[in-house]
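This report goes through selected local features of one protein chain. Please keep the sequence and the structure at hand while reading.

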Amino acid sequence: MRVPLSWLRDFTPVEAAPQDVARALSFLGLVVEGTEEVGPPWPGVVVARVLETRAHPAADRIQLVDVDAGNGEALQICCGAFNMKAGDLVPLATLGTVMPNGLEIARRKMRGEWSNGMLCSAPELGLGHEHAQKGIYILPPDLVAGSPLASALGLGADVVFDIEIGPNRPDCFSIAGVARDLAAAMRLPFSLPRPSPGAVVPEVAAADVRIDPAAQDLCRRFTGTVVENVGAAAVPPLVSHRLALAGMRAISGVVDASNYVMLELGQPNHPYDLDVLGGGGLVVRRAEPGEALVTLDGVARRLEPSDLVIADASGAPVGVAGIMGGSVAEMGPATATVLLEVANFDPLAVSATGKRLGLHTEARTRFERGVDIELALLAIERFVELLGPHVRRGPTTDVGRGAPVQPPLRLRPSRVNMLLGTELSGEECRALLAPLGFVSEADGEDAFSVRVPSWRPDCTREVDLVEEVARIHGYDRIPRRMPSRPVAATRLSAYQRSRRELRDALVGTGASEAWTNTFVATADMVATGLGPDVALELENPLDQSQSLLRTSLLPGLLRAVRFNRERQAGAIALFELGNVFCRAEAVPAAPGPVPGAGTIPGVQEWEQVALVVAGEGAGSQWVVRAFEVLRRSLQLDSLGLHRQDQDPSPGPGALVNTGAFHPGRVAAVIADSSPIGLVGQLAPEVASRYELNGPVGAFVVDLAPLLGARRPAPPALAVSRYPATDLDLAFVVDDGVQAQDLAKTLAGAAGDLLGGLALFDVWRGETLGAGRRSLAFRLRLRAGERTLTEADVSRVMAAVVQAAADGHGAVLRQA
């Protein structure tokens, strides 16, 4: 929105430099995207006094006008207008002047007579439509001849701020709203205009306006005022000039006054030509099905019953409420009496109609964000005042249900300081809010009851008031500091460590971690043999085809495996750790808590780990081996696998997946005598539904009982303070002898003196013979109570060499 600085000064005495004003506005959240310095309008145009008018000797439609441009000398001008007389003051464009339309004024001979400039009409100066004023613009008689026209009319240089107004600030879609915020931030006084529209003329009839009962919910207030004698009305030049600075062109006195009031106060309004309104009145109603209206832009619009229209008293539509008027009651040069409509429409209704019709107007922009319902009467008075003393106004008809009463908000200064990091007192908070129109009174020791002004519908919570305090106090005045917070744990919990170990172990099996959707389709539940009746259905799913919360990780993993197999992936194994859900009556007690999960009545939520493998080598044996790696990596010696019955009954937790597995190739995971999951091969029909050929292995286990299973306590080893002796031995064995088997034999033979055992070399050579290799081990020997002797080392060496020979046919390799 373009905001001239001179217009802001009508509301608050801003004397700061433009760059300081721009900075203050930006810190208020009214971001200034650009600043334009505008010089005085009409350079080269001066006030001139008409000395004499004479007939042109060679033309009937041109007269000769002698004017005084301030130097006391007569200057001849050829002019095609005849509405001036001696003594009148008129605008004179001197030689070299460039007019707003780009015309450069030069000395010209017209039918044999020299013209030394040009006398200007109002439209030529950009002060009105060509039909608004006929002839040369006659200036007020108190101006001084020879003075620049702009300064004589009080129009000087200006600065225009291009401000980005957020949708949550409807009050700032007006000059007054921006000025109110600026005055509060700069600690300046602020006042709205107090119009002097003149008294209501009893002879002017009251407006006939009403709201159809079916449209009461879409129109909170509807006013109508009849204004007569508008044909000769002309707004002051200041109005036209400011409209141009704000990006609007001057059209006519009535239209300019209407637009000026909307920009100044933020209240859209619409004047209708009363003489062409059917029935001489207005009614707000919903559109009829198939009803059409030609709007002011000349486009025929088809309306729907959800649209709100302004109709005349005979029922014909004359405007789209809150967006654009119709051409049927458009004002023209012959308009003498208008019915001014000022209303308050429902923002959502205006927005929906505007989007459907593709109409973007200044009125819609304001109505769809929310217009202050209390502005109507002030807007009417300001409109009448701008048209001048010659118009006559009748009484205002005001109908509607009014604004809903907004309860006061409670503001705690302690809360303000906690959120902002400030140390403001209660009185300081009140003082910051007061210039914005918030009225507060004490409500306890550390709280205030704050009444929100009608022009701030965006303030509905305490935190909104805190934001207002911050804006007016100044974000730049709030010291930068790190917010205090509870000291977080510096180490992972045992559960978190175990989850990470579990992930690492599964990656070690060759599987890749997946992250699948929490929402599944009913078809997926059925395809994997899961009962959709135990699942929770969403009321407003993002995708209607995925409306259930998953009760198992299997459907998502199977879809992911199929996706990869369709793209020519070979053998693939995917695992996932994630939350699953079901109805509370299906699983009375969730298998373990979920860290960070909330408690929802009627819902059970817990964590599972699942793995699916498909492709070459997949099947029950692969997942059993993978599960064994998992068990050994986590040292879960208490876990066991028990073959399931041929027709097992679904149980709690992961056992709801029973229907997905092959009845004869599935085992239950047992922890502390309780089943916590399933391992095995999926049923062929389940695999075929996901277009997976061959055996598909899987396991699903509830995470909390898995990680909570008993683990053996690590033995506490005594630390010896005596030196150790390293014994390096290389054994020649057949290739069929496993290194780990030989290591176990050596460790058993070394006995209690063994402090460590490591394989450090594997070697093959022709000297060893075909099918044989050398395995070199380092044995670290240490006694807890004494230093080992050479005899101790020799005895251990002889024992391990003999054990290796007896157990594996190993021969000690000589150096």
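This is a predicted model: local features need pLDDT of at least 70, side-chain atom pairs count only at pLDDT 80 or more; totals for chains, interfaces and linings use all residues.

## Helix α20

Helix α20 comprises the 19 residues 790-808. At 1.5 Å a residue it should span 27 Å, and the end C-alpha atoms are 27 Å apart, which agrees with that expectation. Just after α20, Gly809 takes a positive phi of about 70°.

The buried residues of α20 are Asp792, Val793, Val796, Val800, Ala803 and Ala804. Seen down the helix axis, these buried residues fall within an arc of 100°, so they line one face of α20. An α-helix has 3.6 residues a turn, so residues three or four places apart point the same way.

The model has 41 salt bridges, counting each side-chain nitrogen of Lys or Arg within 4 Å of a carboxyl oxygen of Asp or Glu. One of them joins Glu304 to Arg356, with the closest N and O atoms 3.7 Å apart. This pair links distant parts of the chain, 52 residues apart: Glu304 sits in the loop between β16 (300-302) and β17 (308-312), and Arg356 in helix α7 (residues 347-357). Glu304 is partly exposed at 36% relative accessibility, and Arg356 is partly exposed at 36%.

Glu462 pairs with Arg412, and here the closest N and O atoms are 2.6 Å apart. Glu462 belongs to helix α12 (residues 462-473), while Arg412 is in the loop between β23 (409-411) and α10; the two are 50 residues apart. Glu462 counts as buried, at 17% relative accessibility, whereas Arg412 is partly exposed, at 33%.

## A buried pair and a network

Arg499 and Glu607 meet through their side chains in a salt bridge of 2.7 Å, N to O. Arg499 lies in helix α13 (residues 494-508) and Glu607 in strand β30 (residues 603-614), so the bridge ties together parts that are 108 residues apart in sequence. Are these two residues buried or exposed? Arg499 has a relative accessible area of 18% and is buried. Glu607 is buried too, with a relative accessible area of 7%. The cut-off for buried is under 20%.

Salt bridges also link Arg169, Asp171, Asp181, Arg456, Asp458, Glu468 and Arg471 in a network.

## A nonpolar surface patch

Which residues form a nonpolar patch on the surface? Met418, Leu419 and Val463 do, and together they have about 260 Å² of accessible area. Leu419 is found in helix α10 (residues 413-420). With a relative accessible area of 39%, Leu419 is partly exposed.

## Ala74 in strand β5

Ala74 lies in strand β5, which covers residues 74-79. Its relative accessible area is 55%, and Ala74 is therefore exposed. Leaving aside residues up to four places away in sequence, Ala74 touches Leu51, Asp66 and Val67. Ala74 and Arg49 are 25 residues apart in sequence, and their C-alpha atoms are 9.6 Å apart in space.

Terms used: Residues are numbered from 1 along each chain as its sequence is written. Side-chain values use heavy atoms; hydrogens and water are left out. Helices (H or I, at least four residues) and strands (E, at least two) are DSSP runs, numbered from the N terminus. The expected span of a helix is 1.5 Å times one less than its number of residues. Buried means under 20% relative accessible area, exposed over 50%, partly exposed in between (1.4 Å probe, protein chains only). The arc is that of the directions from the helix axis to the C-beta atoms. Patches are made of residues with over 30% relative accessible area and no salt bridge: like charges are joined within 9 Å, nonpolar side chains (Val, Leu, Ile, Met, Phe, Trp, Tyr) within 5 Å. Accessible areas come from the Shrake-Rupley method with a 1.4 Å probe; for residues, only the protein chains shown count as cover. Contact means heavy atoms within 4.5 Å.
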